[in-house]
Amino acid sequence: MLPPDGRVPGRRCPELPLCHRKDNFLASGRAYAGLHVVPSAACAGGCLSCGSLRVAMGVRSAEELLAQAEQAEAEKLRLITVHKDLELEFDLGNLLATDRNPPTGLRQRSGPELEAQLQGLARDNVQLLINQLWRLPTERVEEAVVAKLPEPSLRLPREKPLPKPRPLTRWQQFAQLKGIRPRKKTSLVWDEASKQWRRRWGYQRARDDTKEWLIEVPGGADPDEDQFAKRQRAKKERVAKNELNRLRNIARAHKVQLPSQGGMHPTGYQSRAELGKAMQVAKVSTASVGRFQERLPKEKPPRGPGRKRRFQPNVGDFAAEKQSQLELIRVMNSKKPRMDVTRATNKQMREEDREEAAKRKTARGGNRKGHGGKRKGRPPGLGGKGKGGPPGPGNKRKGGPPGVGGKKGQRPGGKRRK
Amino acid sequence: MAELDRVVKPKTKRAKRFLEKREPKVNENVKNAMLIKGGNANATITQVLRDMYALKKPYSVLYKKKNITRPFEDQTSLEFFSKKSDCSLFMFGSHNKKRPNNLIVGRMYDYHILDMIELGIEKFVSLKDIKNSKCPEGTKPMLIFAGDAFDISEDYRRLKSLLIDFFRGPTVPNIRLAGLEYVLHFTAVDGKIYFRTYKLLLKKSGCRTPRIELEEMGPSLDLIMRRTYLASDDLYKLSMKLPKALKPKKKKNISHDTFGATYGRIHMQKQDLSKLQTRKMKGLKKRPAEKLTNNQENKSQKIKRRKID
């Protein structure tokens, strides 16, 4: 139902822009001839109480009113406006303002004047920044008015490099391939024994194997076996296996070789030693750990990684030990040198071969040089102090005396004899 | 996570948290600053470092003992400190006859020195010399750089970036309007840089935005630039690289031209222009008589077609 004079509150009359009365509108939208309210100078915003209706006088008063309104606004803003030649640049995310105006007023000044000038400049700049900040959208957070800052626009260098994506583990690759997704498990599990909800793993977990005081011996097991120790060993193995897999994943991620693999990777260009090692490892990698593997006719059994020196047990056959000790003392006492016939003959043969070779060389060398200072052709059997003969007792050297085995012409210390 | 990639895994949750805090991340932590005295630091320099520590609390570490190093000659000891305390900004103060009241401001990337700028302090007024009220520690300051010198040379530009990095504080999404307490104002005039700190006083003005009055509060320094050690361009570029997650997403069918105008593309289906909805002009409206004739024409056309078929 419209009020009698056709006015409906809240809408402005569209025809005359100068009519400030907001409630002076007409249902049909057409001008209400002659009765638009033009507010008098006293009531700048248009007031209902002031019943002064004036007919629209002309453009001049309208301009005056506009100017007056602007003046009022300017008065209000006078306190916070600052005039600058060049606009400041703002980065509100960082609460930063950059003033590009050249500071002409500050040159060649010093002392308190400079301070005052600087303070004035700072005040102006801060005022502009605050004006900008107060324009931001605000919200109320626990009785404080809070402005929402935008993202900082100035980019600054990072302090650490970009994080590298972690390479997938073996299981993750497989899961991705198969499309396996992890199933969400409940964090608490009902524990029958204690009749409460307990966590799935960790401190005071639901089904704790280690807390059992009774383990039944399973059907096919040895009755003397320690089941508790068996559980502990199984756990240790699982932990070790987990750790190994973790290290292998890391090694694969960093493309580093695990030391336990021992350099075995089939490249096609492997050395003799590598092939030998690979062959040994392959031999042992059977279900019976290499016990029933055949060997080539002249192949020696592998040395194995075990101890190289084996000692007799401390408490064993006392009679046999006594015998061997007495035998040893007898041999040491005897004046006659002990001789191993085969070794002696081998040694002699080797010496003869060497002599031949040396003679051949000196013959060639002598033809070229004549007498040289060094005599290379010295028969290595002579010289030295009794080291050239058949080996004495207890001599277990494989080669000859070091004078023979070493370089030609070297003497084991001492004077040279010609 | 990098600490799971280590051969020796952390055994406690605390150790794990410690490592997680220090590893590289997409959104980084607030940069910590370390304030170091050189072998021959005098009272002025010591006081300067103490004031800076007060400004930058809690994101700074003040080393109490003197460290006899020369940053411009040998950077290893600074890098070692940075690694141990996880600080990527530093200030090193020293004093000798050739370079009196020397202050080296610098930052690190990946625990190696990125930029270092040596500043000489000509005049210094400390926090405790100015007997005015101070603001609580940990407030985020406002930063203002005045003077066109900050854009002219590369040294000044890097200095500006370094100072912003140093004094910025944490990046926050909201800020309490009443909590804007102090402002650091840097003016570059005549080869000198004036660093002043003012406390903000908000006065009433006629409208919502308050009028600002300033009160000198904190350390004020007159600085001149001495030596610089700036990172090479590619190292700087590397340090500025954004991770993919933070890059602004490109919206399809929107383009911008050089004048700042945004253009959008709309893809439409084919339209029958005869049935287009336009402004209705009463004069062009079809009269009922015309409508009738149109109908008759259509009917006759249909009949014709049928006949032909």
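View 1. Arg246(A) is buried, its relative accessible area being 14%, where buried denotes under 20% relative accessible area, exposed over 50%, and partly exposed in between (1.4 Å probe, protein chains only). Because Arg246(A) and Glu243(A) are 3 residues apart in helix α4 (residues 227-254) of chain A, about one helical turn separates them. Helices (H or I, at least four residues) and strands (E, at least two) are DSSP runs, numbered from the N terminus.

The model is predicted: local features need pLDDT of at least 70 and side-chain atom pairs count only at pLDDT 80 or more, while totals for chains, interfaces and linings use all residues. Residues are numbered from 1 along each chain as its sequence is written, chains are lettered from A and ligands numbered from 1 in the order in which they are written, and side-chain values use heavy atoms, leaving out hydrogens and water.

**View 2. A salt bridge between Arg123(A) and Asp124(A).** The closest N and O atoms of this pair lie 3.6 Å apart. Arg123(A) counts as buried at 12% relative accessibility, whereas Asp124(A), at 26%, is partly exposed.

**View 3. A salt bridge between Lys160(A) and Asp86(B).** The N to O distance is 3.1 Å. Lys160(A) belongs to the loop between β4 (145-148) and α3 (170-178) of chain A, and Asp86(B) to the loop between α3 (76-85) and β3 (89-94) of chain B, so the pair joins two chains. Both Lys160(A) and Asp86(B) are buried. Over all chains, the count comes to 28 salt bridges.

**View 4. A patch of negative charge on the surface of chain A.** Glu352(A), Asp353(A), Glu355(A) and Glu356(A) gather here. Patches consist of residues with over 30% relative accessible area and no salt bridge, like charges being joined within 9 Å and nonpolar side chains (Val, Leu, Ile, Met, Phe, Trp, Tyr) within 5 Å. Asp353(A) lies in helix α7 (residues 341-369) of chain A and counts as exposed, at 54% relative accessibility.

**View 5. A positive surface patch in chain B.** Its members are Lys280(B), Lys282(B), Lys285(B), Lys286(B) and Lys291(B). Lys285(B) is placed in the loop between β13 (262-264) and α7 (288-308) of chain B; at 59% relative accessibility, Lys285(B) counts as exposed.

Definitions and conventions
Areas by Shrake-Rupley, 256 points an atom, 1.4 Å probe, with all protein chains shown as cover. Salt bridge = Lys/Arg side-chain N within 4 Å of Asp/Glu carboxyl O. Lys, Arg positive; Asp, Glu negative; His and termini not counted. Charge placed at Lys NZ, Arg CZ, Asp CG, Glu CD.
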